[in-house]
Amino acid sequence: MHLSNTSKISLLFLFFLPFLAQADELNGANTAWILSSTALVLFMTLPGLALFYGGLVRSKNILSILMQCFAIAGIASILWVAVGYSIAFGDGVPLRINSLFTLESFGTFFGDTSKFFFNGITENSLAGDIPESLFAMFQMTFAIITPALIIGGFAERTKFSAVVLFSALWLILVYAPITHWVWGGGWLQQMGLLDFAGGTVVHITAGVAALIAAIVIGPRKQFGKAATTPHNLTMTVTGAGMLWVGWFGFNGGSALAANGDAAMAMLVTHISAATGAITWMFYEWIKYGKPTALGTVTGMVAGLGTITPASGYVGPAGALVIGFVAGIVCFNAVILIKNKWKIDDSLDVFPVHGVGGIIGTLMAAIFASTELGIFSGQGFADGISSISQQLGVQAIGVAATFTYTAIVTLILLKIVDMVTGLRVTQDEETQGLDIIDHEERGYDL
């Protein structure tokens with residue numbers, strides 16, 4: 001049977017009609033990628049971060065670190081369902097000073113209660129072109145790893161009850177509101193802050209909270225008097241490798257689509273991680289005569305944390321510079337915090353994640369520019385036309401996140417100290433938290 005050209009076109013249109021009708025509905029490719037990314041980000045905490053931190057502490061505290069990571073994963077998940085997701089991604093509530101003054105022009109500060117207990121999220125509800133249940137779960141994995149990062153600041157001396165209570169309160173009162181500011185339609189997002197995957201939301205908040213906690217709780221018993229060397233660097237390097245792999249979901253998944261943005265985010269993430277690791281390795285080699293495995297994997301984490309806010313906005317050459325700067329600056333930040341300021345941030349959370357998050361957030365303003373030749377990126381936020389203008393917004397984001405996190409963290413630590421007490425006794429610290437808190441041993445040889 002011979003068909004006219006018109007008939008052929010009509011048949012083709014009818015054939016593709018179902019697909020055209022779904023164009024604004026669920027996207028299978030994007031959904032598949034975010035499903036995978038969600039698993040990768042959870043893999044970063046369990047077992048990645050747990051093993052990375054676990055190897056860095058002494059053997060008598062290994063189970064306490066693993067237990068804290070697992071407990072935080074469970075608590076954060078439940079709280080995210082109950083209230084956290086709604087505070088972060090619910091419709092914003094303007095900050096009202098009084099009946100005459102409302103900061104609506106500056107955007108919103110907190111989400112509302114409309115999505116408490118995932119109200120309204122069904123198998124058919126969408127966030128963009130992926131299931132909202134998936135978007136909520138993807139964001140949940142970020143809410144898990146952020147308070148888990150903080151425990152490195154006060155490892156080996158803090159009561160388990162204090163860790164549990166502090167982490168729960170901090171997630172609700174610090175993490176969720178700042179997430180709303182940056183990603184939930186809040187005031188920083190409306191200003192045009194560039195934070196692709198969590199430079200402010202994750203790394204600055206965790207780093208600052210760890211620093212404040214380390215100062216308030218005080219140093220470990222032997223800090224500055226005797227070496228507190230990692231008990232199992234093999235475990236730490238294994239966990240570091242898991243973090244590197246999982247970070248592809250962390251940054252690449254933040255595109256919320258299987259597209260060129262996700263691919264470029266993965267590429268620059270890998271470049272910065274590799275550059276940070278090798279920069280730290282050679283710097284340490286030159287300064288102290290030998291390169292160490294601990295230094296190399298720490299440089300890798302510094303490169304990953306620093307590229308995170310910029311990962312969706314910069315190009316490969318920019319990522320090389322960011323990774324290099326991360327290796328140099330974070331290396332010296334560790335020395336400054338521990339050796340100069342004598343602050344026992346046990347596992348270097350602030351100098352690696354906090355400082356890295358600050359650097360990356362600021363450098364995003366530079367390397368997002370499309371006018372830097374080979375170092376060009378994908379452009380500034382809407383309405384912003386210059387590096388200086390974007391840098392001003394980035395600086396406001398850094399300052400606001402730093403200040404709010406520091407103040408609220410300090411208040412929460414004081415509250416927790418009154419309720420449970422923050423640290424164990426010196427005798428209990430000597431015996432180790434595995435026995436004191438959990439009546440278990442990590443190793444029974």
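**Before you start**

The model is predicted, so local features need pLDDT of at least 70 and side-chain atom pairs count only at pLDDT 80 or more, while totals for chains, interfaces and linings use all residues. Residues are numbered from 1 along each chain as its sequence is written, and side-chain values use heavy atoms, with hydrogens and water left out.

**Stop 1: Glu-156 and Arg-58**

Select Glu-156 and Arg-58. Their side chains meet in a salt bridge, at 3.1 Å from N to O. The term means a side-chain nitrogen of Lys or Arg within 4 Å of a carboxyl oxygen of Asp or Glu. Glu-156 sits in the loop between helix 4 (132–150) and helix 5 (160–183), and Arg-58 in the loop between helix 2 (28–56) and helix 3 (62–89), so the bridge ties together parts 98 residues apart in sequence. Helices here are DSSP runs (H or I, at least four residues), numbered from the N terminus. Buried means under 20% relative accessible area, with a 1.4 Å probe and protein chains only.

**Stop 2: Asp-344 and Arg-157**

Now select Asp-344 and Arg-157. Here is another salt bridge, 3.7 Å from N to O. Asp-344 lies in the loop between helix 11 (316–340) and helix 12 (349–367), while Arg-157 is in the loop between helix 4 and helix 5, 187 residues apart. Asp-344 counts as buried because its relative accessibility is 1%. Arg-157 is at 0%, so Arg-157 counts as buried too.

**Stop 3: Arg-220**

Asp-344 forms a salt bridge with Arg-220, with the closest N and O atoms 2.8 Å apart. Arg-220 is in the loop between helix 7 (199–217) and helix 8 (233–252), 124 residues from Asp-344. Arg-220 has 6% relative accessibility, so Arg-220 counts as buried.

How many salt bridges does a search of the whole structure find? The search finds seven.

**Stop 4: Thr-179**

Move to Thr-179, in helix 5. Thr-179 has 0% relative accessibility, so Thr-179 counts as buried. A polar atom of the Thr-179 side chain lies 2.8 Å from the backbone oxygen of Tyr-175. Which residues does Thr-179 touch, not counting those up to four places away in sequence? Select Ala-88, Phe-89, Gly-184 and Val-201. Touching means heavy atoms within 4.5 Å.

Conventions. Helix = DSSP H or I, 4+ residues; strand = E, 2+ residues; numbered from the N terminus. Buried < 20%, exposed > 50% of the residue type's maximum accessible area, 1.4 Å probe, protein only. Polar contact = N/O pair within 3.5 Å; in protein donor to acceptor, adjacent residues only side chain to side chain.
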